Structure formats: structure tokens, C-alpha cells
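Here is a short note for a colleague who has not seen this structure before. Please read the points with the structure open.

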Amino acid sequence: MKPGYLTNAEVSALGWRALVEKLGPATALRFMMQHERGEGDYVEWRQQHLGKLTVADWVDLIKQRRKQNGLKRRRRKR
């Protein structure tokens, strides 16, 4: 078939195959995730689900959960 006559699904399949062949599956997936459009309004979703939580609030919540679960802070190896 000539490229002009391919369906959108066929173009996607061929493109995915080319990416996987050239980049490998993991890197091809990373590439696709960078270009995925997503949907909806993130700001609206965040306000509905997270409210007015600040970074400091998140840090406190994480510390509380770790304490409840008996987990300690992991240190990065240098």
C-alpha cells in the first residue's frame, strides 16, 4: 500500500514498530509518554482532589505515613 492510503491505525502501528526497532521498547515508551496529549483540565482536577495542600503539607503527610508504617527516610548513595 502507498503511504497516502494508510489508515490512522496503520500509521500508528508502523510508527510504533519503527520507534521500537530504533530505540528499543523502554525508550520508545518514554518517547511516546512525552508526546501523549492527555485530556481534561489538570488545574481543575488538582483543585477538586487536592484542595489547598501546599508542599509543606505533603511533606508532613509523607512523614506521618512513614512513621505509621515504621519506615525510615532513605538516603541517596553518592
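**Notes on the model**

1. Helix α2 gives the most to the nonpolar patch, with 4 residues. The patch covers about 560 Å² of surface and is made by Trp16, Leu23, Leu29, Phe31, Met32 and Met33. Two elements, α1 (8-23) and α2 (25-35), each give two or more residues to this nonpolar patch. Please bear in mind throughout that this is a predicted model.

2. What is the order of elements along the sequence? The pattern reads α-α-α-α. The chain has 4 helices and 0 strands. Its radius of gyration is 22 Å, well over the 12 Å that the globule rule gives for 78 residues, so the chain is more spread out than a compact globule.

3. On dimensions, the C-alpha atoms fill a box of roughly 60 × 40 × 20 Å along the principal axes. Of the 78 residues in the chain, 4% are buried.

4. The chain exposes about 8300 Å². Carbon and sulfur atoms supply 54% of that area.

5. How are the charged side chains divided? There are 18 positive and 8 negative side chains in the chain. The centres of the two sets lie 16 Å apart.

6. Is methionine 32 buried, partly exposed or exposed? This residue, which lies in helix α2, has a relative accessible area of 35%. Exposed means over 50% and buried means under 20%, so a residue in between is partly exposed. Methionine 32 is therefore partly exposed. Met32 is also one of the residues that make the nonpolar patch.

7. Arginine 30 is found in helix α2 as well. With a relative accessible area of 56%, arginine 30 is exposed. How far is arginine 30 from tryptophan 58? The two are 28 residues apart in sequence, and their C-alpha atoms are 27 Å apart in space.

8. Lysine 77 is found in the segment after α4 (55-68). Its relative accessible area is 83%, so lysine 77 counts as exposed. Between lysine 77 and glutamine 47 the separation is 30 residues in sequence and 36 Å in space, C-alpha to C-alpha.

9. To sum up, the predicted model has 4 helices and 0 strands, with 4% of its residues buried. The nonpolar patch of about 560 Å² takes two or more residues from each of α1 and α2.

Key
Residues numbered from 1 in each chain as written. Predicted model: local features only at pLDDT ≥ 70, side-chain atom pairs only at ≥ 80, totals over all residues. Heavy atoms only, no water. Rg over C-alpha atoms; globule rule 2.2 N^0.38 Å. Buried < 20%, exposed > 50% of the residue type's maximum accessible area, 1.4 Å probe, protein only. Areas by Shrake-Rupley, 256 points an atom, 1.4 Å probe, with all protein chains shown as cover. Lys, Arg positive; Asp, Glu negative; His and termini not counted. Charge placed at Lys NZ, Arg CZ, Asp CG, Glu CD. Patch = residues over 30% accessible without salt bridge, like charges linked within 9 Å, V, L, I, M, F, W, Y side chains within 5 Å. Salt bridge = Lys/Arg side-chain N within 4 Å of Asp/Glu carboxyl O.
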